[in-house]
Amino acid sequence: MSVKQILTEPNKLLRQISKPVEKVGDEERVVMDDMLDTMYAAPGIGLAAIQIGVPKRIIVMDISREEDKKEPMYFVNPVIKNKNKDKSKYEEGCLSVPDQFAEIERPNACEVEYLDYYGKKQLLKAEGLLATCIQHEMDHLEGILFIDYLSKLKKSMIIKKLSKIKTKRIIV
Ligand code: ZN
């Protein structure tokens, strides 16, 4: 297991559509282990494989927010089966959009079908934070970031800010 570098916007890789996993094997489990380590180290509560440069439909999450009682969740090839019409708003951030936050509205509950760490089919009924988090992560699989829901002006301001940070880092 190892901590990988997290890609940050602007980066073309973050905009590509991730490919379905054919079979959950050891190779995929290594990716999931690395993703979990990377997410905990960041720290964050969710991470999609593309954020560490792996274009596969894999997500890890842990919304327990307790240091001593970790509850990792693994999602391979997740598909949303049902979405609630009612929405909820959370202030979202993203490990690939460092230090930027915005209120985003999403369905407040959904059902997700996926394969688990061992390749077994599962169905999750998610609501609240869990529903928001899984929808945010599933957007990554389509090359979508939460800033895409903001106005053009707001989005371009954020990207400009992030580009400046990157340039500075390179000079230093
Ligand atoms: Zn994200």
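Which element supplies the largest share of the lining of the largest pocket? I opened the predicted model with that in mind. The answer is H2, with six residues.

**Entry: largest pocket**

I looked up the volume, and the largest pocket comes to about 480 Å³. I then listed the lining, which holds 23 residues. Ile45, Glu91, Glu92, Gly93 and Cys94 are the ones that lie nearest the centre. I checked which elements supply at least two lining residues each, and I found strand S4 (87–94), strand S5 (97–107) and helix H2 (128–141). I sorted the lining by class. Ten residues are nonpolar, eight are polar and five are charged.

**Entry: zinc site**

Which atoms coordinate the zinc ion? I find SG of Cys94, NE2 of His136 and NE2 of His140. The distances run from 2.1 to 2.3 Å. I wrote the donor spacing in sequence as C-x41-H-x3-H. Cys94 in strand S4 and His136 in helix H2 are 42 residues apart, a pair that links distant parts of the chain.

For His136 the value is 8%.

**Entry: second largest pocket**

I moved to the second largest pocket, with about 180 Å³ of space. Its lining includes Met39, Tyr40, Pro43, Gly44 and Ile45. Asp62, Ser64, Arg65, Glu66, Glu67 and Lys70 are also in that lining. By class I have four nonpolar, two polar and five charged residues.

**Entry: sheet**

In what order do the strands of the open sheet run? I traced five strands as S1-S2-S3-S6-S7, with antiparallel pairing.

Strand S2 (residues 58–61) and strand S3 (residues 73–83) pair in the antiparallel sense over four bridges. Opposite Val60 I find Tyr74 in S3.

**Entry: backbone checks**

Where are the cis peptide bonds that I noted? One joins Glu9 and Pro10, with omega about -5 degrees. Pro10 sits in the segment before helix H1 (26–41). Another joins Ala42 and Pro43, with omega about -10 degrees.

Asn77 has phi near 50 degrees, and I place Asn77 in strand S3. Asp99 has phi near 65 degrees, and I place Asp99 in strand S5. Is Asp99 buried or exposed? I read 66% relative accessibility for Asp99. The cut-off for exposed is over 50%, so Asp99 counts as exposed.

Notes: Residues are numbered from 1 along each chain as its sequence is written. This is a predicted model: local features need pLDDT of at least 70, side-chain atom pairs count only at pLDDT 80 or more; totals for chains, interfaces and linings use all residues. Side-chain values use heavy atoms; hydrogens and water are left out. On a 1 Å grid over the protein atoms alone, a cavity is a set of points where a 1.4 Å probe fits but cannot get out, and a pocket is an open set with protein on both sides within 12 Å along at least five of seven lines; lining residues have an atom within 4 Å of a point. Grid points are joined across faces, edges and corners, and a volume is the space filled by probe spheres set on the points. Ala, Val, Leu, Ile, Met, Phe, Trp, Tyr, Cys and Pro count as nonpolar, Asp, Glu, Lys and Arg as charged, and the others, Gly among them, as polar. Donors are N, O and S atoms within 2.8 Å of the metal (3.2 Å for Na, K and Ca); water is not among the atoms, so sites may look incomplete. Buried means under 20% relative accessible area, exposed over 50%, partly exposed in between (1.4 Å probe, protein chains only). Two strands pair if DSSP finds at least two bridges between them.
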